[in-house]
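I am opening a notebook on this chain. I want its overall build, its sheets and a few single residues.

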Amino acid sequence: MTTPRTQPLLIVEDDLALQKQIKWSLDGFESVLADDATSAVLQFRRHAPAVVTMDLGLPPDQDSVTEGFKLLEKLLELDPGVKVIVLTGQNDQSNALRAIRMGAYDFLAKPVDPDVLALTVERAFRLYELQQENRRLQAMSHPDVLGGLVTRDERMLKICRTIEKVAPSNATVLLLGESGTGKEVLAQGLHDASRRKGRFVAINCAAIPESLLESELFGYEKGAFTGASKTTVGKIETAHGGTLMLDEIGDLPQPLQAKLLRFLQERTIERVGGRQEIPIDVRVVGATHQDLKQLIAQGRFREDLYYRLAEIVVEIPPLRERQGDPVLLAHAFLKRYATEQRRPQLSLSEEAIRLIEAHAWPGNVRELQNLIKRAAIMADGDRLAAEDLGLHAAAAAQEGDEAILDLRTVRERAERHAVLLALARVDGNIVRAAEMLGVSRPTLYDLINRLQIKTSSQGAH
């Protein structure tokens, strides 16, 4: 008895009587039918079958194997993992072996024994499912460390690769970017990729009064000051063996800058009121929205501390400069908050999508996240409209760059922009994106490959 499958069987046979017979002999499988190469490709794209049975002799020339081999090549191009079982004539072994060399799973000579065919199809399904499960387990054992980041922007993807390269080292990393651009997500991803056994600890240097910041960072001994009734470890010590993120480090007071510099040089700390040097093993990540070099010029930030922090500098672009990302993120956030509100049917209207694309997002990802969360809670209907978002159409931004006259560059930029926007609007659905762009699905795949566009988004912020 066959087990229920999530993907169907595709039967490609131009002889309708034989097609019916094959379908009957495989009635334990959910199947879809095609009688020529064109309908087979359409069914394959629509249903994504795991297993295909096909005759090599297909219209318009059933006496030739040309159409059959073209179809086999096309199916394996669309899904290299699909299991194709070729049905051949008794004296057609050379073509059967050619099909195997091209990537077919197996071949059977006509007339086919129904029991043998059913057993072969069952084995093909099992192999397909085992390979899918193996890929899933491999992905779990090597997870994407930046799973908290949703992006298809070229600059952001480059940053992700930089983070992954730097992670195994002990280099201090400085993240520069406007508020709300995702600095903490990148810092957390850096920690996860480092495989450090300790905790990820973040502290916002601008959110804690100067009088308390030193004890928060370095800890204090019992009796160090009024109210210090017990010895307390600080954030640096808490992060021992892990990663310490110093957010808004540009706001760190001058006296603490000197003490932090000493820690970075010596890798030891003294608690407030203490005399004992405590060795600390920690990866330090600094982050700020401020221009540290300008603060150095103004005498507000130590140059020697900057160079200790800036072993690796990562500049994060604002959301308004990330092509396609605002709508991509909006879809991701809406899925999350719609689930939380038990309103899974919530979606973005076309008008809402266009407003999201046009908005400048001065508050970056954080502003977008808050806006979508509020809309998911407050919206009356199932489709978020402009009034639900509270956005208004903005005037078109003036193009500030020098005109580029190289046609190849202009064309590639225009194609990349169009593909990214289309993928973002339809939340990554390739079929709908191809329809929106007015091209075939294979053409869109070619564009995606040529323009090196990432198609599988990572987990939401």
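**A glutamate to begin with**

I started at glutamate 351, which is found in helix H14, residues 350–358. Helices here are DSSP runs of H or I with at least four residues, strands are E runs of at least two, and both are numbered from the N terminus. This is a predicted model, in which local features need pLDDT of at least 70, side-chain atom pairs count only at pLDDT 80 or more, and totals for chains, interfaces and linings use all residues. Residues are numbered from 1 along each chain as its sequence is written, and side-chain values use heavy atoms, with hydrogens and water left out.

Is glutamate 351 buried, partly exposed or exposed? I read a relative accessible area of 46%, so glutamate 351 is partly exposed. Buried means under 20% relative accessible area, exposed means over 50%, and partly exposed is in between (1.4 Å probe, protein chains only). I also checked glutamate 351 against alanine 386. The two are 35 residues apart in sequence, and their C-alpha atoms are 6.2 Å apart in space.

**The chain as a whole**

I counted 19 helices and 14 strands in the chain. Next I looked up the radius of gyration, taken over C-alpha atoms. The chain has 30 Å, whereas a compact globule of 461 residues would have a value near 23 Å. The globule rule is 2.2 Å times the number of residues to the power 0.38. The C-alpha trace spans about 95 × 50 × 50 Å along its principal axes.

Of the 461 residues, 45% count as buried. The accessible surface of the chain is about 24200 Å², and carbon and sulfur atoms hold 50% of this area. Those areas come from the Shrake-Rupley method with a 1.4 Å probe; for residues, only the protein chains shown count as cover.

I then took contacts between residues at least 6 apart in sequence. Of these, 69% join residues at least 24 apart. Contact means heavy atoms within 4.5 Å.

**Sheet with S1 to S5**

What is the strand order in this open sheet? I noted S2-S1-S3-S4-S5, five strands with parallel pairing. Two strands pair if DSSP finds at least two bridges between them. Strand S2 (31–34) and strand S5 (106–109) are the edge strands, each pairing on one side only. The twist from one strand to the next averages 20 degrees.

Inside this sheet I followed strand S1 (residues 9–12). Four bridges pair S1 with strand S3 (residues 51–55) in the parallel sense. Leucine 9 stands opposite valine 51 in S3.

Two helices went on the page next. Helix H1 (residues 16–25) lies across S1, S2, S3 and strand S4 (83–88), at about 170 degrees to S2. Helix H4 (residues 93–102) lies across S4 and S5, at about 160 degrees to S5. Axes are lines fitted to C-alpha atoms, for helices over the stretch in contact; angles run from 0 to 180 degrees between N-to-C directions.

**Sheet with S6 to S12**

The order here is S7-S8-S11-S6-S12, an open sheet of five strands with parallel pairing. Why do S7 and S12 each have a side without a neighbour in the sheet? Strand S7 (200–204) and strand S12 (312–315) stand at the edges with a single partner strand each, so one side of each is left without a neighbour. Neighbouring strands are turned by 20 degrees against each other on average, direction ignored.

I traced S6 (residues 173–176) residue by residue. S6 pairs with S12 in the parallel sense over four bridges. Leucine 174 has valine 313 in S12 as its bridge partner, and leucine 176 has glutamate 315 in S12. S6 also runs parallel to strand S11 (residues 283–288), joined by four bridges. There the bridge partner of leucine 175 is alanine 287. Both faces of S6 are covered: Val173 and Leu175 are buried on one side, Leu174 and Leu176 on the other.

**Another glutamate, and the cysteines**

Glutamate 237 lies in helix H9 (residues 235–238). Its relative accessible area is 16%, so glutamate 237 is buried. Leaving out residues up to four places away in sequence, glutamate 237 touches Phe218, Ile269, Arg271, Ile278 and Ile280.

Last, I checked for disulfides, each a pair of cysteine sulfur atoms within 2.5 Å. The structure holds zero. Cysteine 160 has 0% relative accessibility, so it counts as buried. Cysteine 205 has 2% and also counts as buried.
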